[in-house]
Amino acid sequence: MLRLCQFLLSLFVAAGMAHTQAPAAAASQYVRASLEAETRSPAPGDIVTVAIVMDPKPGWHDYWVNPGDAGTPLELQWQLPAGASAGPVRAPVPETLIVSGFMNHIYKAKHAFLVDLKIPQSAIVGQKLDIKVNARWSACSDLVCVPESATLSVPMTIGSGTIAKPDRARFDVWRSALPVPLDRKALYAIDGNRIDIAIPYPRSADASRVWFFAQSENLFRYAAPQTARQSGDWLIVSGEVKEPFAAEIAGLLRFNDAQGLEVRATPGTIPTGGAAISVLGKGAATEGSEPPLGFGWILSFSVLGGLLLNLMPCVFPILGLKALSLAKMGGDEREARRDAIAYTVGIILSCLVLGGIMLALRAAGEEVGWAFQLQDPVIVLLLLLLMVAVTANLAGLFDVGGIGAGEKLTRKGGISGSFWTGVLAAVVATPCTGPFMAAAMGAALLLPASLALLIFAGLGFGLALPFLAIAFVPPLRKRMPRPGPWMVRFRQWMAVPMALTSLALLWLLYQLAGFSGVLIGGTAALIILSRLFELGRKQKSGSPRKIVVAAILGITVAALLIMDKAAIVAPAPQPMKEGSVAFDEERLASLRAEGKPVFLYFTADWCVTCKVNEKAAIDRTETSAAFAKAGIQTMVGDYTRRDPDITRFLAKHGRSGVPLYLYYPPNADARVLPQILTVTDLTALSE
């Protein structure tokens with residue numbers, strides 16, 4: 001069975017990644033960039049200021065030179081004529097934005113980064129200069145970040161160096177948005193994680209809404225609250241650092257209406273006393289507020305969410321297989337640990353692959369969430385055929401030893417088999433989200449790719465944690481049952497949940513692709529079952545079996561190609577249950593404006609947790625009666641097929657998948673309900 005997992009899952013990963021990573025149509029840029037010059041006729045030896053003008057669309061932003069906890073700054077690679085050179089980038093004063101506890105240093109309005117170009121003294125009047133720059137930046141909304149790039153150019157011809165008045169005025173506006181270099185050193189002192197920065201600032205000058213932006217990276221806790229006070233001719237800003245240091249720091253003091261000072265600070269004595277002044281309020285933490293959730297907590301939530309995922313019904317069939325594998329070891333410590341590590345590696349790598357594909361698709365402009373692959377009929381067909389083969393093996397139709405894929409690896413104590421069982425566990429678990437996991441997955445969509453992948457790895461580690469504990473904690477391992485005849489019966493019984501999983505995938509195929517999907521999937525499954533039965537007969541008689549294995553592979557590939565090219569006609573959406581309405585943001589806003597309470601939930605046919613909650617709590621008579629008595633309107637969002645509107649709405653609530661349960665009391669904000677519901681949870685809403 002484990003060799004079968006390796007053989008078919010390798011096909012699943014290869015075909016699935018090739019299909020889901022098909023290039024999407026190029027989207028228009030969310031932050032448009034252009035290159036302008038203060039004059040296009042510079043004189044030989046002149047210094048010409050050019051502007052990289054960034055124009056974000058509404059709801060989007062780009063980043064300052066130090067983006068903060070997430071994002072990437074503008075990166076420039078100049079292509080200049082011989083003898084010409086470009087100076088450093090001068091950035092305007094940024095603003096703050098906190099999303100899911102992460103502080104970003106951003107620009108939401110049109111702005112310009114200025115660069116001084118040195119024209120070669122040897123240039124000749126009339127000579128044409130081709131000024132080009134390759135620019136890369138991140139364009140982000142509150143929900144997703146997209147890497148963008150462009151090659152920008154501005155033609156110049158060596159001339160008199162005259163600057164037209166309109167050009168001078170336009171560039172003067174952009175210069176006014178730049179911070180002013182401070183002619184004196186600032187001082188700082190660190191006590192534990194607290195840092196006080198004393199900046200020379202005349203007592204007669206007004207100062208309010210201040211904020212210190214650290215240009216030195218990886219030193220400050222950007223999202224930590226800041227306070228400010230003025231003591232004589234010093235303005236002292238207090239914040240937090242990750243750990244003490246003694247090097248010179250660079251930064252920017254924002255004050256009043258987006259004015260700024262470039263600051264360089266060295267260790268020194270900080271003035272005491274002084275009157276408190278206000279700090280930047282919009283998008284920033286305030287004094288006395290609860291500290292934002294840090295990355296360490298989010299990573300912990302992903303591990304805990306993966307651990308609790310083992311309790312979800314969608315993972316049960318794989319847990320049974322893994323328990324059978326552990327029982328076979330008979331308490332052998334070395335083998336159990338090796339098996340658990342291989343299983344863990346398989347899960348973590350699968351979560352990284354799935355998470356990486358999801359992030360890549362979102363970066364390409366696709367609105368996708370966790371378990372996105374189950375919204376694709378080709379991937380569902382692959383899983384269906386895989387589960388059919390696993391079911392046949394557990395039922396005893398054939399022996400996996402007949403399939404030689406990865407045979408050299410599986411001889412080594414089953415390490416390869418354990419790895420592929422981990423891959424299978426991760427693939428089967430993706431339809432589920434559980435407590436803690438939802439918040440972590442939602443935050444991953446806003447983090448840089450490296451940190452987001454750590455979140456996905458943490459999820460996989462949590463999912464594998466119970467079997468790591470059994471392998472490395474002797475008292476737990478000793479409680480495992482010893483090998484015996486019961487294992488044969490248990491293996492056969494495990495074919496039942498696998499068969500039910502196969503039927504569920506066939507039903508999901510119908511929901512995604514209609515009758516044609518069922519016809520293709522059902523026919524391929526029946527043919528593969530017959531071929532596997534034939535394989536079992538040949539194994540018993542000792543006959544050659546390579547032709548049968550080749551036929552199974554051919555049938556799978558043919559079915560996938562037919563499904564990919566078939567005219568998909570999805571069935572009409574099922575009518576809403578009595579008293580329920582389909583999800584629509586405008587309808588939701590209208591109901592809330594009327595003061596009507598609303599219970600909104602998002603579900604999908606591939607989400608086992610969703611269906612369990614619906615049967616156990618949502619669709620119960622007691623719940624319906626309580627809702628009717630209280631006048632609660634039920635609204636349902638069906639996420640079975642890809643729906644960009646639902647994806648965006650989920651992301652607004654920090655989620656990347658379903659289920660999500662929200663209750664809107666009359667004239668109040670939404671309450672997020674538990675992901676495992678009970679009748680008591682729902683009937684209590686009517687009280």
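Colleague: What is a salt bridge, and how far apart are the N and O atoms in the one between R175 and E38?

Modeller: A salt bridge here is a side-chain nitrogen of Lys or Arg within 4 Å of a carboxyl oxygen of Asp or Glu. The model is a predicted one. The side chains of R175 and E38 meet in such a bridge, and the N to O distance is 2.5 Å.

Colleague: How many residues apart are R175 and E38?

Modeller: R175 and E38 form a salt bridge. The pair links distant parts of the chain, with R175 in helix α2 (residues 165-176) and E38 in the loop between β1 (31-37) and β2 (47-56). The two are apart by 137 residues.

Colleague: Is E38 buried or exposed?

Modeller: Buried means under 20% relative accessible area. E38 has a relative accessible area of 3%, so E38 is buried.

Colleague: Which residues are linked with R175 in a network of salt bridges?

Modeller: R175 is partly exposed, with a relative accessible area of 26%. Besides its bridge to E38, R175 belongs to a network of salt bridges.

Colleague: What separates D167 and R170 along helix α2?

Modeller: D167 forms a salt bridge with R170, and the closest N and O atoms are 3.0 Å apart. D167 is partly exposed at 23% relative accessible area, and R170 is partly exposed at 29%. Because D167 and R170 are 3 residues apart in helix α2, the separation is about one helical turn.

Colleague: Where are K185 and E248, which meet in a salt bridge?

Modeller: The side chains of K185 and E248 meet at 2.3 Å, N to O. This pair links distant parts of the chain, 63 residues apart. K185 is in the loop between β11 (180-181) and β12 (186-191), and E248 is in the loop between β16 (234-240) and β17 (249-255).

Colleague: What is the relative accessible area of E248?

Modeller: K185, the partner of E248 in the salt bridge, is partly exposed at 43%. E248 is also partly exposed, and its relative accessible area is 35%.

Colleague: Which helix gives the most to the nonpolar patch?

Modeller: A nonpolar surface patch of about 460 Å² is made by I341, V345, L349, F472, V473 and L476. I341 lies in helix α5, and I341 counts as partly exposed at 42% relative accessibility. With 3 residues, the helix that gives the most to the patch is α5 (residues 333-363).

Terms used
Residues are numbered from 1 along each chain as its sequence is written. This is a predicted model: local features need pLDDT of at least 70, side-chain atom pairs count only at pLDDT 80 or more; totals for chains, interfaces and linings use all residues. Side-chain values use heavy atoms; hydrogens and water are left out. Patches are made of residues with over 30% relative accessible area and no salt bridge: like charges are joined within 9 Å, nonpolar side chains (Val, Leu, Ile, Met, Phe, Trp, Tyr) within 5 Å. Accessible areas come from the Shrake-Rupley method with a 1.4 Å probe; for residues, only the protein chains shown count as cover. Helices (H or I, at least four residues) and strands (E, at least two) are DSSP runs, numbered from the N terminus. Buried means under 20% relative accessible area, exposed over 50%, partly exposed in between (1.4 Å probe, protein chains only).
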